[in-house]
Amino acid sequence: MIADANFPDRRSATANAYHAGTALLEQSQTLVRYDAMLKSSQEKAATLQAQLDAGTGDVEQLAALLRGHQDSIGSLTEMRAEAQLQVDRATASLSRMFSFTGQAIATSEDGSSQVVGFTISHGTQGKIMEVSADGDITMFDKSGKAYTREGFAAAKPDGVIPGIHNDVVREADAARPLPERFAQALGRVGAGPSGESQVAIQRTIAVDISDLQKIDIRF
């Protein structure tokens, strides 16, 4: 059995767990999407082929539609293979550093795949993170207390974790009305005391740069 990675502190372990865990989640979701698209194209191609074989409908139109789906199947097969490779790599990276339980992806009897969730723990740092089948992320502090990502970013039980902080900020920005986001992104221009234009609103991320130092991201 391979021992978990030796991190200098829980903050570094949490940063790496979140980085590796979200990478696996994103790659798994991509693979599931390609699986669904590939299955749909295969079913449509089979239906079109059956119609052609039966001699029903406009043969030229059916043949053109079939060629389109066959091309799509070829492209999706390649994309799915690449997505599977990325999932395998993300799983291997995660497993080298942490105790990884659960399955990122499961395949049902009909051949469709889905994200089923997983848990990330560390031999000395304990349980760190859970990912549900819906893609929801739960973080844990050293005592085992559970947090949403937003709650974890606010409470900072392990200090500032850049990946969590940045994702929470991005998602909060994306949830705001578009005019408000434009106003904050571009800034409101007003006349300063000297008559020069000044930006009245500036977007800042409230993290002291010293909080971001000395985190050893392993992949």
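The model is predicted, so local features need pLDDT of at least 70, side-chain atom pairs count only at pLDDT 80 or more, and totals for chains, interfaces and linings use all residues. Residues are numbered from 1 along each chain as its sequence is written, and side-chain values use heavy atoms, with hydrogens and water left out.

Start with the overall layout. The protein has 5 helices and 9 strands. Helices here are DSSP runs of H or I with at least four residues, strands are E runs with at least two, and both are numbered from the N terminus. Read from the N terminus, the order is α-α-β-β-β-β-β-β-β-α-α-α-β-β. Contact means heavy atoms within 4.5 Å. Among contacts with a separation of 6 or more, 55% join residues 24 or more positions apart.

Of the 219 residues, 34% are buried. Buried means under 20% relative accessible area, exposed over 50%, and partly exposed in between.

Next, find α1 and α2. Their axes come within 7 Å and cross at roughly 160°. That makes α1 roughly antiparallel to α2, a label for angles over 145 degrees. Axes are lines fitted to C-alpha atoms, for helices over the stretch in contact, and angles run from 0 to 180 degrees between N-to-C directions.

S28 sits in helix α1. Is S28 buried or exposed? S28 is buried, with a relative accessible area of 1%. Beyond its neighbours within four places in sequence, S28 contacts V87, A104, I105 and V115.

Finally, turn to the cores. In soluble globular proteins, nonpolar side chains tend to be buried together. A nonpolar core is a set of buried Ala, Val, Leu, Ile, Met, Phe, Trp, Tyr and Cys residues joined through side-chain atoms within 4.5 Å. The largest one has 33 residues, and F98, M129, M139 and I164 touch the most other members. Several elements supply at least two residues each, among them α2 (59-97), β5 (126-131) and α4 (162-175). α1 gives the most, with 9 residues. Not counting residues up to four places away in sequence, M129 touches residues including A17, Y18, F118, I137 and F140. A second, separate core has 7 residues, including L38, A45, L66 and I73.

Notes
Buried means under 20% relative accessible area, exposed over 50%, partly exposed in between (1.4 Å probe, protein chains only). Angles under 35 degrees count as roughly parallel, over 145 as roughly antiparallel, 65 to 115 as roughly perpendicular and the rest as oblique.
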